[in-house]
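Subject: Structure handover

Hello,

Here is the structure I promised to pass on. Please open it first, then read the notes below it.

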Amino acid sequence: MTLPSFLANVAGVPAGLATLVEAVAGACSAIATAVERGVFDGACGNAHSENIHGEAQKKLDVVSNEIMISSVEQVSCLRGLASEELDSIQVIQHGRSADNPGYLLLFDPLDGSSNLEINGIVGSIFSVLAAPESGAEIDQSHFLQPGVKQVCAGYALYGATTMFVLTTGQGVDGFTFDGKSGAFVLTHPQIRIPESTREFSINMSNERFWDEPVRRYVRECVAGAAGPRHANFNMRWIASMVAEVHRILIRGGIFLYPRDSKNSQLAGRLRLTYEANPMSFIVEQAGGMSTTGGAPIMEIQPDQVHQRIPVILGSKLEVERLIQYHGETLTH
Ligand code: F6P
Ligand code: MN
């Protein structure tokens with residue numbers, strides 16, 4: 001079953017939303033080609049510019065952003081977009097009709113782009129929110145909705161195969177790009193994250209900057225069978241959130257990019273509206289859980305489109321354990 005037929009016949013989403021998701025998926029297959037062709041098309045290396053987060057942009061960050069925008073801006077029900085690679089939101093004038101208030105799209109066009117030069121896995125992440133019913137002009141405030149309000153979210157993974165993983169609030173379905181037919185085909189219906197796991201994922205080099213509950217959790221994992229968990233754990237770090245979340249969807253695990261004191265100005269490393277929220281929606285729809293440590297990520301009221309947030313997500317029993325450790329620190 002192809003993605004358009006899935007959207008119409010299985011997910012049963014409104015036609016406008018289906019058109020928007022298909023446009024995002026179309027952009028993702030074009031980004032996959034841009035990534036694959038980068039070395040031949042002179043699109044490798046740095047763009048010699050910075051995004052709003054002060055991160056050096058790769059040429060492919062810029063190219064992917066342009067591909068996404070040009071693909072979705074034609075969709076008649078899209079009223080605005082926000083991107084990791086754009087300083088401010090972009091309002092789309094045509095996107096409103098009397099019977100459909102339309103949608104807002106938030107995305108990270110190329111996540112994990114530090115992996116590009118090593119031919120590692122990268123991806124795209126997106127979130128769809130409903131636009132306001134009122135006749136008001138779209139502004140930044142309309143994008144500041146908590147993650148529980150997401151209509152749809154997903155990611156594309158550019159790995160050994162290109163995949164598109166999607167939730168519209170009815171579980172999580174995974175599609176693989178078939179280069180022969182040029183279509184995304186449903187290959188991973190109704191993905192479920194195993195509840196328990198013995199695999200964790202964190203950038204260990206930041207250990208000295210973490211809060212005590214995260215230190216305790218990792219210390220106990222690393223202690224293995226001789227420690228309080230009475231089990232040996234495995235660790236993975238790909239430095240690409242899309243790849244990390246995908247691994248967790250397929251075989252379980254826990255991913256942490258927690259708050260740290262390395263840069264006390266920042267609440268975390270990852271961005272709430274177009275990284276943490278869509279990934280949390282996917283993970284929770286697959287039976288997993290997501291938290292900052294202190295609160296469910298999707299209940300956080302964003303105050304900026306580019307806001308950062310601590311992220312802990314994955315197999316339910318491990319996330320619950322981390323929530324418990326954070327609670328115990330608070331009460332002592
Ligand atoms: O978007 C941020 C990101 O690239 C994530 O995909 C990834 O999890 C993280 O940064 C990698 O961080 P670090 O550089 O600390 O390994
Ligand atoms: Mn990113």
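The largest cavity is lined by L106, S127, L129, F143, Q145, P146, G147, Q150, T273 and N277. Please bear in mind that this is a predicted model. The volume of this largest cavity is about 40 Å³. The count of cavities of 30 Å³ or more comes to 1. Two elements each supply at least two residues of the lining: strand 6 and helix 6, the latter spanning 272–285.

Next, the open spaces. The largest pocket has a volume of about 510 Å³. Its lining has 26 residues, and V35, E36, L116, N119 and G120 are the closest to its centre. Which element gives the most to this lining? Helix 2 does, with 5 residues.

N119 is in the loop between strand 5 and strand 6. Its phi is near 60 degrees, a positive value in a residue other than glycine. N119 has 73% relative accessibility, so it counts as exposed; the cut-off is over 50%.

H48 also has a positive phi, about 60 degrees, although it is not a glycine. H48 sits in strand 1, residues 46–50. With 77% relative accessibility, H48 counts as exposed.

Now the annotated site. UniProt, in an unreviewed entry, places the feature "binding site" at D108, D111 and E275. These residues are spread over 168 residues of sequence, yet they cluster in space, with a largest C-alpha distance of 8.7 Å. Which pocket has D108, D111 and E275 in its lining? The second largest pocket includes them.

Take D108 first. D108 is in strand 5. Is D108 buried or exposed? D108 has a relative accessible area of 1%, and buried means under 20%, so D108 is buried. Leaving aside neighbours within four places in sequence, D108 is in contact with E84, G123, S124, I125, Y274 and E275. That list includes E275, which UniProt also places in the "binding site" feature.

D111 is in strand 5 too. At 7% relative accessibility, D111 counts as buried. Not counting residues up to four places away in sequence, D111 touches V122, G123, I125, S240, M241, V242 and E275. For M241 there is a distance to report: its backbone nitrogen lies 3.2 Å from a polar atom of the D111 side chain.

On to the interior. In soluble globular proteins, nonpolar side chains tend to be buried together. Here, the largest nonpolar core has 44 residues, and V72, L81, L105, F126, F164 and L166 touch the most other members.

What does L105 touch? Not counting residues up to four places away in sequence, L105 touches V24, V72, L78, G80, L81, A82, F126, S127, V128 and F143. Among these contacts, S127 and F143 also line the largest cavity.

Another core lies apart from the largest one. This other core has 28 residues, among them L157, A243, I248 and L249.

Last, I297. I297 lies in the loop between strand 15 (289–291) and strand 16 (308–309). At 0% relative accessibility, I297 counts as buried. Leaving out residues up to four places away in sequence, I297 touches L272, A276, N277, S280, S290, T291, T292, P310, V311 and I312. Of these, N277 is also in the lining of the largest cavity. I297 and S196 are 101 residues apart in sequence. In space, they are 20 Å apart, C-alpha to C-alpha.

Best wishes

Conventions. Residues numbered from 1 in each chain as written. Chains lettered and ligands numbered in written order. Predicted model: local features only at pLDDT ≥ 70, side-chain atom pairs only at ≥ 80, totals over all residues. Heavy atoms only, no water. Core = buried A, V, L, I, M, F, W, Y, C linked by side-chain atoms within 4.5 Å. Buried < 20%, exposed > 50% of the residue type's maximum accessible area, 1.4 Å probe, protein only. Contact = heavy atoms within 4.5 Å. UniProt positions renumbered as here; feature names shortened; annotations may be inferred. 1 Å grid on protein atoms, 1.4 Å probe; cavity = no way out; pocket = protein on both sides within 12 Å on 5 of 7 lines; lining within 4 Å. Helix = DSSP H or I, 4+ residues; strand = E, 2+ residues; numbered from the N terminus. Polar contact = N/O pair within 3.5 Å; in protein donor to acceptor, adjacent residues only side chain to side chain. Points joined across faces, edges and corners; volume = space filled by probe spheres on them.
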